[in-house]
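I opened my notebook for this one and jotted things down as I went. Here are my entries, in the order I looked things up.

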Amino acid sequence: MISFFIKRLLLLIPVFLAVSMVIFMIVHLVPGDPIDNLVQINSTPEQKAALAAKYGLDKPLYQQYAIWLGKALSGDLGDAIILRRPVVDLIALNLPHSLALGALALAFSTVVGIGAGALAAIYKDSLIDRTTMTLILLGSTVPGFWLGLLLIMLFAVQLGWFPVSGARSWDALVLPVLTVGLGGVALVARVTRVAMMETARKDFVMMLHAKGVPPWQIELRHVLRHALLPVVTILSLRIGWILGGAVTVEFVFARPGLGSLLITSLNQRDYPVVQGSLLMLAIAVMLGTLLGDVVQAAMDPRVRERIK
Amino acid sequence: MAALDPIRKAIRSPRGAGSAAVLVLVVACAVFAPLLAPYAYDIQNLPGANTEPGWAHWMGTDEFGRDLFSRIVYGARTSLTVAISAISISVAAGLTLGAMAGYFGGPFDRAVTAVVDLTWSFPEILIALILIAIIGPGLESTMVAISIAYLAQFTRLTRAQIMALKNETYVEATANLGAGHFHIIFRHLLPNALTPVIVAGMLATGDAIILEATLGFFGLGAQPPTPSWGAMMSSGTAQIFIAPWIIIFPGLAIALTVIAINLFGDALIEALDIRNRLRSS
Amino acid sequence: MRFTTKSLILSGSLLASAMAFGPGAAVWAQEATFVMPSDDVGAPSYDPIRGTKLNAATSLIYDRMVIQDADQSFHGQLATEWESSDDGLEWTFKLRPGVTFHDGEPFNAATIVWWVPQFAGTENAFMTDAIESVEVVDGLTVKFVMKNPDPNLLSNMSSIFMGIPSPKAYDAMGADYGVTNAVGSGPFTLQSFTIGQETVLASNEAYAWASDLSENQGPPHIKTLTLREISEASTAFLELRTGGVDMLLSVPTDFLPQLEAEDSIAVGTLPGTGIFYIPINTTVAPFTDIKVREAAALAVNQKEILDNLFGGIGAEANNFLISSLLAADVDPKLNISYNPDRSNKLLDDAGWAMGSDGVREKDGTKLQVALWTQNGTEFKRVTEVVQAQLKAVGIGADITVFDSATINDQYRKGNEHQLAVRSYSWANADIIDWFFAGSRLGYPNVSMWNDPKAEELNKVAMTGSRTWEERVANFKAYHEYVLGQFVFAPIYQPVQSYAYSKDNITLPKTVRGTRVQSQTIVDITVN
């Protein structure tokens, strides 16, 4: 198991190098110059050149890349040009908010999704199945910003239960979590429903029925448990979504987060922040994939064999 | 017409029939917009701005006094054009890339898989926003951005289909008869892998409509006065209390269209019995 | 190295205090929450010397030598009196006694001697460029020795970038100054600063040196003031409506009708500090022809935009400067206002004949031009109406919406843009130099205008004036010449609007100052 883990980790090194290069290049393909956003009305070309030199923007690209990667590996993502503080600090400021929103929304989607999916699978092809699945579909078929605004109008403006925006207290998380979470319910519910229907056809389930085990016990204790593996796999692969996918919702609710940091910095052409947060997301994604592989391997010896 | 059989089968269920009817309506709006819309989408009437829904304007007017219903009808054209062309490009590229990776294997496959897995894990909205920052705003760049954002999904799916088909006896037999790689890929493998990818593409069209609307909300995408459901909602936020219809109706149009696409896609999957093949990626 | 350790400790304690103010903070009597103007969102520091973007809390942390009222008159804050020698080469300032910084350091002539040279080599150096040296006359009197007369000195001194920090704190914190902490002598002290989210301020209980623009001469009535950063205007509006915040320091004009419909919300306005206008690229056909430029400028119906998009709030713009500036008072014949008949005639004369689709043509070429704008509902709205107005005289325009970082880069290419909708905010006539000087083609000279006569007038206006009156006359001459060349089309002069909850806070009867700043905020009481 450990050798499997190390082997998978080593396989990630070339991927990481390629990804870091792509991230570095992407940022330099974007038209626009951060120095222009920095200078004051009335500044001279000499002042601009001095600033470019200060941030190393006057060096050839490959040199800039080597310097950046070298520092990044030692945990230094450089200083933000516009935001004037270490990129690591900015990420540390935003990451907890992304994690809180992402993890709670994920928990919401998973619990509601599995519940609804199980309900639909147990009452397969009945009215309950159809209604549940269609209702759930609603949440994922409207844009997040629109759903967010409607929830604000209903729960914050009309009923006054939750704050409109911000990240100053726990109750400010409720509406954003609902907005993001409702969007993810459909995916989880679908995967659960299908997985349960398939498991229900397997031999061991037939046997349990033959043994006279009560149907509800079979469904909950055996079928649902087996059906969870595909759900876990899908979720571990989408860790990037948890950290960066809520950008529109963050925008509507005026919340900090990694997605907003990335997009704001992109608009200001604050290269070090864009590179740093993209790299951060990429690393999270790679670790998520690794985690998914490990979980799969732990459950299924055939996967381990294949990698060897 | 054997190709139409699954569709016939799909619309036999009430859900399939209902969603198909909605889709026909939306497509009709897009194609016959000039005939269906009671007003031009770009004629302003500033004194008549923010008029409530009524007989003359049965979805009301927007902040420039333009008829909202006409703009929603024309907006179907923008949404569908962008979503369908973006996904078509994406499906075509994904089929080619996925087939080559799956068929040839080796370092090429590993490289493609690594890149695809990584982008697949990134939220499409972030990919699209970054790409538009590079190539600039506008309808065409929105299409390109959306198609690249979804490329990973179709590449993965195609590759998985090809991997499953590659070892089947008839392919080996054809190869033994001396057929070239491209002959095998395009004449034997792809046609058999096509159905699940196309159905997945249809489902992704719904997501692409939402993505286009979200980009429109950020002010990217269709340039004014061309109506786009997302941009209409974005400008409606400033009137959310005095003219809520500006933001509500485009949102409903999106929800209705995307739900219909999803339900019809589901019906089609059941009719074709390809659920397993769709998940094999 | 010592500074690094120190700043780490400082940022640690700031973090701790930020958390203390976070969830479940005790409801303080005299506590208020304001929303900063959306332009201020993301301001990275409270360093007035090196910063290029400062937010609304800066005027509360720092005092300036002089501040301005809404009528542009100057009032002493840290200076009590000032005078200039007849040749404009010496300025003497008497300083207010008894002022201390938040860290207990005294404010006196030595502070000013330290402060002025700090600007050298920074982006803000131009503000103090004309000052040769600062001399101490006595403990509370300083003399500026000028390199050349600068009639604009007081205007510069009243800028937000002229907030005076505590020399001791500034030197001790080095590059981290303003990022992790900020020490001034203003009515509020900085408690915590979370970039992009919020700044928490506490009343400076020692404060006893408000200017004569404030009724309250003691510490502010608000004891804890939170200033939130919210970029989406509709979110800020909903926060105010639900009582989540007490005041919006700035409201986009398009939200005013909604706010005025609310009983519990009061809306106020201050004179604006800028205009919306359309720069015309004079180097790209068809706008190389002055007739076509004039026709495009006269096609803009300023009144229609004012009445319908902005509900009549603000004013039409007919030249390049806000009307409170004396150099805006040009010969009325040169002002640019809507005249569709003349616009059509000019286009006919220039050979552009009306086509069947409503767009003019000449030699098989359509009069179809690019109209650029940037993100933001106000910009997009004005641009869509301008597009329709141009169409009315037969000019077809294709809109492209850019984000604000990309658009300046696109202008620099020089030959891709034709018309654009832009706005500026700058309450001084030298903005004409910034946008039309031949040395800055592309951006900021989006009009790409380089004309020998204009350059000559520019030089006289920028460096050839000894007194304020001379400067006004010189800028007026420059302004008039620019107007006659139709290198831009004026559209609209916005006002600054603010909105607050009448139930929660009370504002002084008159809001003083060029915007809602310390002079007003010390007078605000919590109900």
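Predicted model: local features only at pLDDT ≥ 70, side-chain atom pairs only at ≥ 80, totals over all residues.

**Entry: a helix in chain B.** I started with H5(B), which has 16 residues and reaches 23 Å from its first C-alpha to its last. That is close to the 22 Å expected at 1.5 Å a residue, where the expected span is 1.5 Å times one less than the number of residues. Helices here are DSSP runs of H or I with at least four residues, strands are runs of E with at least two, and both are numbered from the N terminus. Residues are numbered from 1 along each chain as its sequence is written, while chains are lettered from A and ligands numbered from 1 in the order in which they are written.

Which residues of H5(B) are buried? I listed B:Val112, B:Val116, B:Leu118, B:Thr119, B:Trp120 and B:Ser121. Buried means that 20 or more other C-beta atoms lie within 10 Å of the residue's own; 12 or fewer makes it exposed, anything in between is partly exposed, and the C-beta atoms are placed from the backbone.

**Entry: chain B as a whole.** I found twelve helices and zero strands in chain B. Its C-alpha trace spans about 75 × 45 × 25 Å along the principal axes. Buried residues make up 54% of the 281 residues in chain B. I also looked up contacts, meaning pairs of residues whose C-beta atoms, placed from the backbone, lie within 7 Å. Taking the contacts in chain B between residues at least 6 apart in sequence, 70% join residues at least 24 apart.

**Entry: where B meets A.** How many residues of chain B are in contact with chain A? I got 29 from chain B, in contact with 33 residues of chain A. On the chain B side, two or more residues each come from helix H5 (106-121), helix H6 (124-135), helix H9 (181-217), helix H10 (229-236) and helix H11 (245-272). H11(B) gives the largest share, seven residues. By class, I noted 19 nonpolar, seven polar and three charged residues on this side of chain B. For the classes, Ala, Val, Leu, Ile, Met, Phe, Trp, Tyr, Cys and Pro are nonpolar, Asp, Glu, Lys and Arg are charged, and the others, Gly among them, are polar.

**Entry: chain A.** Next I counted 15 helices and zero strands in chain A. The box filled by its C-alpha atoms is roughly 85 × 60 × 30 Å, taken along the principal axes. Of the 308 residues of chain A, 45% count as buried.

Chain A is divided into domain 1 (2-73) and domain 2 (88-307), with bounds that come from an automatic or database domain assignment. The C-alpha centres of these two domains of chain A lie 32 Å apart. I found 20 residues of domain 1 in contact with 16 residues of domain 2 in chain A. H1(A) gives the most to the domain 1 side, with 13 residues. That side of domain 1 divides into 14 nonpolar, three polar and three charged residues.

**Entry: one residue in chain A.** I picked A:Val295, which sits in helix H14 (residues 271-299) of chain A. Why does A:Val295 count as partly exposed? It does so because A:Val295 has 15 C-beta neighbours inside 10 Å. Leaving out residues up to four places away in sequence, A:Val295 touches A:Val232 and A:Ser236.

**Entry: strands in chain C.** I then turned to chain C, where four strands form an open antiparallel sheet in the order E14-E22-E13-E21. Strand E14 (315-316) and strand E21 (422-423) of chain C stand at the edges, each with a single partner strand, so one side of each has no neighbour in the sheet. Two strands pair if DSSP finds at least two bridges between them. E14(C) and strand E22 (residues 488-493) of chain C pair in the antiparallel sense over two bridges, and C:Glu316 stands opposite C:Tyr492 in E22(C).

My last stop was a hairpin formed by E4(C) and E5(C), with five residues between them. C:Gly88 in the turn has a positive phi of about 70 degrees. Five bridges join strand E4 (residues 79-84) to strand E5 (residues 90-95) of chain C, and C:Ser84 has C:Trp91 as its bridge partner in E5(C).

How values were computed. Contact = placed C-beta atoms within 7 Å.
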